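Colleague: I am new to this structure and would be grateful for a close look at a single part, the surroundings of the ligand. Please describe them in one connected account.

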Amino acid sequence: MTQKIKKILVANRGEIALRIMRSAKSAGINTVAVYSEADEQAPFARFADERVCIGPPPSSESYLQIDKIIEVCKDLNVDAIHPGYGFLSENAAFAGALEEAGINFIGPSAAAIQTMGDKISAKQAVGSFGVPLVPGMDKPIEDVAEARKIATDIGYPVLVKASAGGGGKGMRIVHNDEDFEGEMERAMSEALNAFGNGAVFVEKFISAPKHIEVQIIGDKHGNLVHLFERDCSVQRRHQKVVEEAPSPILNHEERMKIGEAALNVARACDYYNAGTVEFIMDSDKEFYFLEMNTRLQVEHPVTEQITGVDLVQEQIRVAEGLPLSFKQEDLEVNGHSIEIRVYAEDPKNNFAPSIGNLEVYRRPEGEGVRLDDGYEQGQEIPIYYDPMIAKLVATGKNRNEAIARLLQAIRDYRIIGVKTTLPFCEFVLQHEDFLSGNFTTKFVEQYFTPEVLETDPDPAQIEAVLSVIAFMDQSNQQKLTPTVPVSSSNWKTRLRN
Ligand code: ADP
């Protein structure tokens, strides 16, 4: 049965709320913003057709208030909610409450969220679908001696991980048997604090892997496709900062193999709507399932850029009960797209949040450049939420062109008033390991120190980077192959802010 959606409430804030509303509006759907007192002047709240303040700044008193949000839906005749990412997006109780209230949740079933929301139950669910798992336990630690034995059998280093984990929290690397119990206790208390659930398990710590994830989407008629992979290996504190599609190291066959594994994960929980299946891949290109995120992902734009699919519009179609508008064989990788997350953080001070006023805020423009942002000049970055200002995305017909365009956009982006991750991202994009495509999740640890943002490059490095930039001018006439010689460390051009 199909049900046309006429009015969507976006239960989120910032860039993602705005991005969702834009797609809804262009599909002729009315939009409702719910916002906290801290977001009174935020562009997303002003963009919506209707808006309701739902409480004070702390998320627990506003963006996480399920009852208040449902009340607004009833008052304003809202037929569907898009949860974005974070906040209530992976809250099975929220999806369940909407099901009961007869409001369409633009996402998967509450049952799928429940299964995949817990890393242990997710591992158990996919086990019989032939999905490769990181060697380790598929149940919570109950007996420390038994867990230590498993850790010894797997071989150190191991990772003690919170089952309810997210955002890299509740995860500890253990290097030897003596440290096991102490680290396990730390992981448990971190998990209990952050998620209200202290269950932890053990898995092999894969040294220097790549983080590769696959975008999938399914409808309620059993159609399920993948939209290829994203490489999100550049991370700080296990959180992504640079993402790209496709991965620079996979060929077509490998791409379709990991895509098929992702579809099996989705099949394991009868998944519909958009989701992301995350894997880690070792240096032999063996990949292992990490977890599934049952929502739209921060980095979804790079997939949209290379496939031409508007994932939000497709999500809405699925929620309406329509079949997917494309089949697997209709999809192909077209070009290369890279996203950087622009956080109000100080990369020179261990990426500590840098809250303040955006005194100057000038957006970059240019061919292939997409900016998903949630702020305007003169606005404060509130301390209450994730400090992401924007996602800057550049797409080109190949990886070099995408890098060149992104570097230019970074240089054109002017942000004064807060420190940002822009200089850090500029460093990454020019690093030889990044340029080679072989970088791993160790990238930041291996190459980044605050000093690299202060050291002037030597003339050879300047020349090498200029050759990347020059690529932009040549790219209309000729296709270059992806290797650009740039030497590695201590490299920085200018420091903004
Ligand atoms: P979260 O839900 O907290 O994001 P994930 O399981 O998705 O946790 O892992 C986040 C990141 O932590 C991964 O992208 C990877 O960099 C690292 N990681 C997770 N599991 C392992 C592992 N077994 N070995 C090595 N690194 C890992």
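Modeller: The model is a predicted one. Around the ligand there are 22 residues, and those that come nearest are Lys119, Gly168, Lys204, His211 and Gln235. By class, this shell has 7 nonpolar, 8 polar and 7 charged residues.

A polar side-chain atom of Lys161 is 3.0 Å from one of the ligand's oxygen atoms, while a polar backbone atom of Gly166 lies 3.4 Å from an oxygen atom of the ligand. At Ile206, a backbone N or O atom is 2.9 Å from a nitrogen atom of the ligand. On its own the ligand has 550 Å² of accessible area, of which the protein covers 96%. Two or more residues of the shell come from each of strands S6 (158-162), S8 (200-204), S12 (273-281) and S13 (287-293).

S12 and S13 also belong to an open sheet of 8 strands with antiparallel pairing, in the order S13-S12-S9-S10-S11-S14-S19-S18. S13 is an edge strand, as is S18 (369-373), and each pairs on one side only. From one strand to the next, the twist averages 25°. Within this sheet, S9 (residues 210-218) and S10 (residues 224-236) are joined in the antiparallel sense over 6 bridges; Gly218 has Leu224 in S10 as its bridge partner. Helix H9 (residues 252-267) packs on the sheet and touches S9, S10, S12 and S13, with its direction at about 105° to that of S10.

How values were computed:
Residues are numbered from 1 along each chain as its sequence is written. This is a predicted model: local features need pLDDT of at least 70, side-chain atom pairs count only at pLDDT 80 or more; totals for chains, interfaces and linings use all residues. Side-chain values use heavy atoms; hydrogens and water are left out. A residue is near a molecule or strand if one of its heavy atoms lies within 4 Å of it. A polar contact is a pair of N or O atoms within 3.5 Å; within protein, one must be able to donate a hydrogen and the other to accept it, and residues adjacent in sequence count only if both atoms are side-chain atoms. Accessible areas come from the Shrake-Rupley method with a 1.4 Å probe; for residues, only the protein chains shown count as cover. Helices (H or I, at least four residues) and strands (E, at least two) are DSSP runs, numbered from the N terminus. Ala, Val, Leu, Ile, Met, Phe, Trp, Tyr, Cys and Pro count as nonpolar, Asp, Glu, Lys and Arg as charged, and the others, Gly among them, as polar. Two strands pair if DSSP finds at least two bridges between them. Axes are lines fitted to C-alpha atoms, for helices over the stretch in contact, and angles run from 0 to 180 degrees between N-to-C directions. Contact means heavy atoms within 4.5 Å.
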